[in-house]
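I opened this model to look up its fold, its rings, its charges and its surface. My entries follow in the order I made them.

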Amino acid sequence: MSWKFLLKRFLLAFLGAVIVLFAVELLKGHELRQAIEFAALWASVFATLFTVIGYIRYRRSPSCMLPADKR
């Protein structure tokens, strides 16, 4: 797994989580600034954990994480 792949994985997880958390916070009636802060904080926590756990699982068994054509 290259750093480029890990960065792309982190950014996609971060952006997805920010969008969902931001929308939920706005629907709950929070102010715009509070919603942005909450979404950014928890999205960064989620994306970091998601990326690190994926990397750890890859290190344990790389053949399970690679597409069939790259095995």
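The entries below go from the overall fold to single residues.

**Ground rules**

I am working with a predicted model, in which local features need pLDDT of at least 70, side-chain atom pairs count only at pLDDT 80 or more, and totals for chains, interfaces and linings use all residues. Residues are numbered from 1 along each chain as its sequence is written, and side-chain values use heavy atoms, with hydrogens and water left out.

**Fold**

I looked up the secondary structure first. The protein has 3 helices and 0 strands. The pattern along the sequence reads α-α-α. For these assignments, helices (H or I, at least four residues) and strands (E, at least two) are DSSP runs, numbered from the N terminus.

Next I checked burial. Of the 71 residues, 17% count as buried. Here buried means under 20% relative accessible area, exposed means over 50%, and partly exposed lies in between (1.4 Å probe, protein chains only).

I then turned to contacts, meaning heavy atoms within 4.5 Å. Of the contacts between residues at least 6 apart in sequence, 53% join residues at least 24 apart. I also noted one pair across the chain: L6 and V52 are 46 residues apart in sequence, and their C-alpha atoms are separated by 8.8 Å. L6 is in helix α1. With 6% relative accessibility, L6 counts as buried.

**Aromatic pairs**

How many aromatic pairs does the structure hold? I found 2. The cut-offs: rings of Phe, Tyr and Trp (its six-membered ring) pair if their centres lie within 6.5 Å, and planes under 30 degrees apart count as stacked, over 60 as edge-to-face and the rest as tilted.

Where do F10 and F14 lie in helix α1? They are 4 residues apart in that helix (residues 3–27), so about one helical turn separates them. F10 is partly exposed at 25% relative accessibility. F14 is also partly exposed, at 21%.

The other pair is F46 with F50. Their ring centres are 5.8 Å apart and their planes meet at 25 degrees, so I logged this pair as stacked. Both residues sit in helix α2 (residues 32–60), 4 residues apart, about one turn of the helix. F46 is partly exposed at 41% relative accessibility. F50 has 37% and is partly exposed too.

I went back to F50 for a charge. The charged end of R9 sits over the F50 ring, 4.4 Å from the ring centre. The test is NZ of Lys or CZ of Arg within 6 Å of the ring centre and within 35 degrees of the ring normal.

**Salt bridges**

I counted 2 salt bridges. Each needs a side-chain nitrogen of Lys or Arg within 4 Å of a carboxyl oxygen of Asp or Glu.

One joins the side chains of E25 and K28, at 3.4 Å from N to O. Is E25 buried or exposed? E25 is buried, at 5% relative accessibility. K28 is exposed, at 55%. E25 lies in helix α1. Leaving aside neighbours within four places in sequence, I find E25 in contact with H30, A35 and F38.

The other bridge links E37 to R33, with the closest N and O atoms 3.1 Å apart. These two residues both lie in helix α2, 4 residues apart, about one turn of the helix. E37 is partly exposed, with a relative accessible area of 43%. R33 is exposed, at 63%.

**Surface**

The areas come from the Shrake-Rupley method with a 1.4 Å probe; for residues, only the protein chains shown count as cover.

Which residues make the nonpolar surface patch of about 550 Å²? I list F38, L41, W42, V45, L49 and I53. Patches are made of residues with over 30% relative accessible area and no salt bridge, where like charges are joined within 9 Å and nonpolar side chains (Val, Leu, Ile, Met, Phe, Trp, Tyr) within 5 Å. W42 is partly exposed, with a relative accessible area of 44%.
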